[in-house]
Amino acid sequence: MKKYLRSICSTCSYVQNCSLTTNKSSIYECNEYVHHLDADYIPSVMNLIKTTKVDFEKVEKRELILN
Amino acid sequence: MTTRVLKQKKVHKQGMLDNVMRQFDHAAEIIDLNPNIRKILEVTNNELVVHFPVRMDNGEVEVFTGYRVQHNNSLGPYKGGLRYHPTVDIDAARALAMWMTWKTSLAGLPYGGAKGGIQLDPTKYSNSELERITRRFTYALGDNIGPELDIPAPDVNTNAQTMAWILDTYMSTKSPAERSTNMHVVTGKPVGAGGSEGRDRATGYGVSLTIKFWAENKKIALKDKKFIVQGFGNVGYWAAHFLEKQGAVMTAVQDAYGSIVNESGISVEQLFEYSQANKGSILGFKDSSAIDITNFFGLDCDIIIPAALGNQVTAEIAPQIKAALIAEGANGPTDVEAEEILLEKGIDIIPDILCNSGGVIGSYFEWLQNRNGEIWQLDEVMQKLEKKLRESFSKVSELSEERNVDMRTAAFIIAIERLEETYIQRGIFP
């Protein structure tokens, strides 16, 4: 993507086949840009909640030990 | 105020900065802007460059370069996005910061303009690395940002999650008693972390509102008016959604995958559901046919909404345009030569600085809610947005008629005159 060094297109997922423009050399803003974090990011907080939910029944049956 | 203008060396500016300066110069000449104030607005207040180390997943340490350019704060705290991209540098940040000053001024908000980011290719880093980079950058910025000083927002490759990391890091550097009073250090947060209802649709709703106000001014009913949209992302979709509610008919859409057309109308909701189920692509939607990219803006319609990217309406395309209105949902979609042709043809243009300002107004509402400890309902947010945008639109429209200038020039005049007034009233310290 070296030819788009001055453009945000250089890191966009659509760059190879984007039909919006043929001039991808100096794009500084695009509402169709795929944000890197949005593509595959699962917030860690969500993982924690999921883990808690799975273990919840087991926890209920456990005895509470106070130190 | 007495003035003495020093002859300055002509500095060659490129690309974005050149465009922003050209628009500013044009408006400044029309209003005969005070030369001293012109000197102030032509340069940025502060430019911060930080180098900071971050430990990578493999144990190695990498040093990153981050920027924050604060253009002007005469109307209130600096406001602007943070982007993560290899193209981030001081020149790009300067231009975008200056652009934010005009935008917030026109919208009548108590904000100035800023922009910044980190020079990196986000695709090369894991999410946990990006989180550490964000947190370390926030720490490096320190008290150069703050809820009453400089309020960052999402931009390219940064999103609500990034803002939540910045908020959490910034708050952690404060004493426990102060922490909750700093929620408004960033906007564009997730709703659960202090974000605002309606922020997702604010820009697109704003675009549809400015079209509605334009139609009211022209005494035109939007019912059955045909519109076409370039970009079916957050801005394009919501603009189309609200226009359809007003009775207008979407006849063509273009996104990164291609363009579709149906003269009888395309259902916005059905297309949205289809694209969601089709990895974001609109291609293959029922009762529509694909068209050639070069003809898109030449399609027979009443309203064109370029809601994707800049420089789309060019001098080559402009003569083919049949629409009565271009509503600039994206930033800079119409180039200077094309604009001259369009205005000559009697085609109206709602300029980007006004048309897509719903986004920054939405951010202002989020900031206000955090600042005042309030949570507004969606309908309240939408109502306030309409009121604010109507005020901006009326001012631009009235000034455009009064001074016989196009709407873009009128918008810049209003933005710059508001700043000029502030400087004249307050004077220059000492």
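How many helices and strands does chain B have? In this predicted model, chain B has 14 helices and twelve strands, where helices (H or I, at least four residues) and strands (E, at least two) are DSSP runs numbered from the N terminus. The radius of gyration of chain B, taken over C-alpha atoms, is 22 Å, close to the 22 Å that the globule rule gives for 430 residues, so chain B is as compact as a globular protein of that length. The globule rule is 2.2 Å times the number of residues to the power 0.38. Along the principal axes, the C-alpha atoms of chain B fill a box of roughly 60 × 60 × 40 Å. Of the 430 residues, 57% count as buried; buried denotes under 20% relative accessible area, exposed over 50%, and partly exposed the range in between (1.4 Å probe, protein chains only).

Residues are numbered from 1 along each chain as its sequence is written, and chains are lettered from A and ligands numbered from 1 in the order in which they are written. Local features need pLDDT of at least 70 and side-chain atom pairs count only at pLDDT 80 or more, whereas totals for chains, interfaces and linings use all residues; side-chain values use heavy atoms, with hydrogens and water left out.

Salt bridges were assigned where a side-chain nitrogen of Lys or Arg lies within 4 Å of a carboxyl oxygen of Asp or Glu. By this rule, the count over all chains comes to 27. One of these pairs joins Asp143(B) to Lys174(B), with 2.9 Å between the closest N and O atoms. Asp143(B) is in the loop between helix 4 (127–141) and strand 5 (150–154), and Lys174(B) is in the loop between helix 5 (160–172) and helix 6 (176–179), so the pair ties together parts of chain B that are 31 residues apart in sequence.

Arg371(B) is partly exposed at 42% relative accessibility, and Glu148(B) is partly exposed at 44%. A further salt bridge brings together the side chains of Lys212(B) and Glu386(B) (2.9 Å, N to O). Here helix 7 (residues 202–218), which holds Lys212(B), and helix 13 (residues 378–402), which holds Glu386(B), are the elements concerned, so the pair ties together parts that are 174 residues apart in sequence.

On the surface, a patch of negative charge comprises Glu316(B), Glu337(B), Glu340(B) and Glu344(B). Patches are made of residues with over 30% relative accessible area and no salt bridge, like charges being joined within 9 Å. Within this group, Glu337(B) lies in helix 10 (residues 336–344) and is partly exposed, with a relative accessible area of 45%.

Two loop residues of chain B are buried. Gly112(B) is placed in the loop between helix 3 (90–106) and strand 4 (113–118) and counts as buried at 2% relative accessibility. Its C-alpha atom is 8.2 Å from that of Trp102(B), the two residues being ten apart in sequence. Leu309(B), in the loop between strand 10 (303–306) and strand 11 (325–327), counts as buried at 3% relative accessibility. Leu309(B) and Gly332(B) are separated by 23 residues in sequence and by 7.3 Å in space, C-alpha to C-alpha.

Backbone geometry was examined next. Most residues other than glycine have a negative phi, and most peptide bonds are trans. Lys279(B), however, has a positive phi near 55°; Lys279(B) is found in the loop between helix 9 (268–277) and strand 9 (289–290) and counts as exposed at 76% relative accessibility. Phi of Asp287(B) is likewise positive, near 55°. Asp287(B) has its place in the loop between helix 9 and strand 9 and is exposed, at 62% relative accessibility. The peptide bond from Phe429(B) to Pro430(B) is cis, with omega near 5°, and Pro430(B) lies in the segment after helix 14 (407–426).

Terms used
Patch = residues over 30% accessible without salt bridge, like charges linked within 9 Å, V, L, I, M, F, W, Y side chains within 5 Å. Areas by Shrake-Rupley, 256 points an atom, 1.4 Å probe, with all protein chains shown as cover. Lys, Arg positive; Asp, Glu negative; His and termini not counted. Charge placed at Lys NZ, Arg CZ, Asp CG, Glu CD.
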